Amino acid sequence: MMQTLLGIDLGTTGVKAALFAVEDGRVLADAFVDYPLYHPAPGWAEQQPEEWWQATIAAIKACLVKGARQQLQVCGVGLSGQMHGVVLLDEQQQVLRPCIIWADQRSDAQCRWMTERVGAKQLIEYTSNPALTGFSAPKLLWVREHEPELFARARTMLLPKDYIRYRLTGRIAMEISDAAGTCLLDVRRGVWSQEVLQALELDPALLPQVVPADTACGTISEEVAALTGLPSGIPVAGGGADNACGAVGNGVVSPGLALVSVGTSGIVLAHAETPQVDTSGPVPRVHTFNHAVPGAWYLMGVTQGAGLSLRWVRDNIGLPERALERWTGVDAYETLSQEAESVPPGCDGLLFLPYLQGERTPHLDAYARGGWIGLTASHDRRYLIRSVLEGVAFSLKDCFSIIQEQGLTLEQVRATGGGAKSPLWRQIIADVLGVELVTTNATEGPAFGAALLAGVAAGVYASVVEACERTVRVVEHTEPQRAAVYEQAYGIYRALYPALKPIISKPVSF
């Protein structure tokens with residue numbers, strides 16, 4: 001029988017399960033099951049953990065059914081997932097409320113209080129990161145302030161993929177690369193910051209044991225085996241945050257390598273041998289997190305509305321393309337991208353700010369808002385589409401430039417995520433960054449990275465680096481062609497946020 005590894009990626013729109021060959025990382029079977037995202041109020045974003053769980057069970061079962069004819073032996077399971085969500089469990093390990101996920105922006109007041117309470121400088125010293133609305137700690141404080149009776153019943157806080165691991169194994173723990181995004185972890189030392197917990201008056205018992213990404217953290221229970229068809233007793237790795245697993249799945253596990261990922265959000269991530277922190281301003285503009293590679297870290301810039309912006313276009317402007325997709329099966333994103341190809345670089349002065357869900361890098365502004373600037377009667381729908389692709393690329397350039405300022409030498413940039421499947425979008429990003437982009441065989445980036453971590457946990461690979469050396473290969477190159485055109489447009493883009501901040505960066509109430 002062929003040895004395989006199961007990678008599970010708990011994303012924002014759905015869960016992906018995929019089986020990979022141990023020998024070369026080939027995808028042998030995969031399945032995707034979606035679930036809803038709820039917006040109870042403007043700027044809020046929540047999901048139901050039970051819906052994650054049911055989707056995960058369905059995805060695993062579908063994946064195993066697809067692979068049944070190939071006589072596959074699953075050796076281990078790895079998990080990746082969206083960062084920063086807050087799953088609260090009571091004394092009986094039952095979920096108390098919907099998970100407040102990474103995209104939620106309601107906790108701005110708690111961020112300010114947390115910063116004042118701990119001290120801005122001290123918070124950076126303790127956790128290597130400022131308090132941001134995207135992070136877990138402010139969300140936890142929001143629940144304590146606004147839902148005190150519910151909070152009093154809370155006994156455990158878990159992150160999304162760690163909750164799924166608990167359901168698979170019965171073991172409660174929090175993996176280190178995900179824990180780094182809570183703003184409660186001492187990122188340098190890899191332990192919970194007692195100074196921060198004490199200042200915030202949070203009970204340390206709320207936080208589970210921190211575990212490595214590449215070691216076994218429980219085994220598949222008999223109950224789950226019966227539900228899914230997985231063998232009971234196989235190891236489940238600690239796993240990793242989606243971005244850390246995306247980096248592993250693309251081989252970004254050594255110095256000189258960086259990752260550009262275009263999913264719902266967009267990230268630029270660079271491997272670091274030491275926990276470097278951006279000290280150029282009052283707060284770091286990029287995050288410093290623990291990597292899924294033991295003893296390593298990464299610097300990461302985030303733009304909140306990458307693929308989210310294009311999805312908004314598809315759902316609100318691309319209605320003919322969505323109808324065509326239903327009738328013919330042709331992907332609406334592909335059709336929109338083809339329309340945008342006929343528009344010249346720079347969109348004749350039309351620029352898009354992708355701040356549909358606030359913004360992290362470099363503005364750290366929960367109230368930032370998006371929009372088109374420079375619209376004229378000569379622009380048509382094609383320009384709107386292409387300007388969104390370019391605006392997201394400019395926001396990635398913001399992240400890329402700051403990471404370079406930290407002194408990291410980036411010898412190769414690897415592209416991943418749904419947006420990276422578009423040749424046009426890859427070309428625009430290469431042009432805007434002014435560097436060659438490469439893609440790898442890791443078509444299932446985070447799920448693949450999670451599977452490789454499972455391989456280390458199961459003893460199939462000696463280390464994460466060895467796992468990547470055996471399985472990850474560069475398959476395509478995209479060279480920059482119009483860097484000069486975009487350099488000029490990027491200069492104008494950078495001037496827009498500070499000019500518009502008094503208007504677009506404050507709560508709106510009429």
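Modeller: Let's start with helix H15, where Leu424, Trp425, Arg426, Gln427, Ile428, Ile429, Ala430, Asp431, Val432 and Leu433 are buried (under 20% relative accessible area; exposed is over 50%, partly exposed in between, with a 1.4 Å probe and protein chains only). Before going on: this is a predicted model, so local features need pLDDT of at least 70 and side-chain atom pairs count only at pLDDT 80 or more, while totals for chains, interfaces and linings use all residues. Numbering starts from 1 along each chain as its sequence is written, and side-chain values use heavy atoms, with hydrogens and water left out.

Back to H15, which covers residues 423-433: 10 of its 11 residues are buried, so the helix is largely enclosed by the rest of the structure. Helices (H or I, at least four residues) and strands (E, at least two) are DSSP runs, numbered from the N terminus.

E16 has 5 bridges to E22 (residues 412-416), and the two run parallel; pairing takes at least two DSSP bridges. In that pairing, Ala258 sits opposite Val413. Another 5 bridges tie E16 to E17 (residues 266-272), this time antiparallel, with Val260 opposite Val268. E16 and E17 make a hairpin with 3 residues between them.

Now a helix pair: the axes of H11 (residues 307-316) and H13 (residues 332-340) come within 11 Å and cross at roughly 95 degrees. That makes H11 roughly perpendicular to H13, a label for angles from 65 to 115 degrees. Leu310, Arg311 and Arg314 of H11 meet Ala332, Tyr333 and Leu336 of H13, contact being heavy atoms within 4.5 Å. Those contact residues divide into 4 nonpolar, no polar and 2 charged.

Gly181 counts as buried because its relative accessibility is 0%. Leaving out residues up to four places away in sequence, Gly181 touches Met83, His84, Phe135, Ser136 and Phe289. Leu159 is 22 residues away from Gly181 in sequence and 9.6 Å away in space, C-alpha to C-alpha.

Key
Axes fitted to C-alpha atoms, helices over the stretch in contact; angles between N-to-C directions. Parallel < 35°, antiparallel > 145°, perpendicular 65-115°, else oblique. Nonpolar A, V, L, I, M, F, W, Y, C, P; charged D, E, K, R; others polar.
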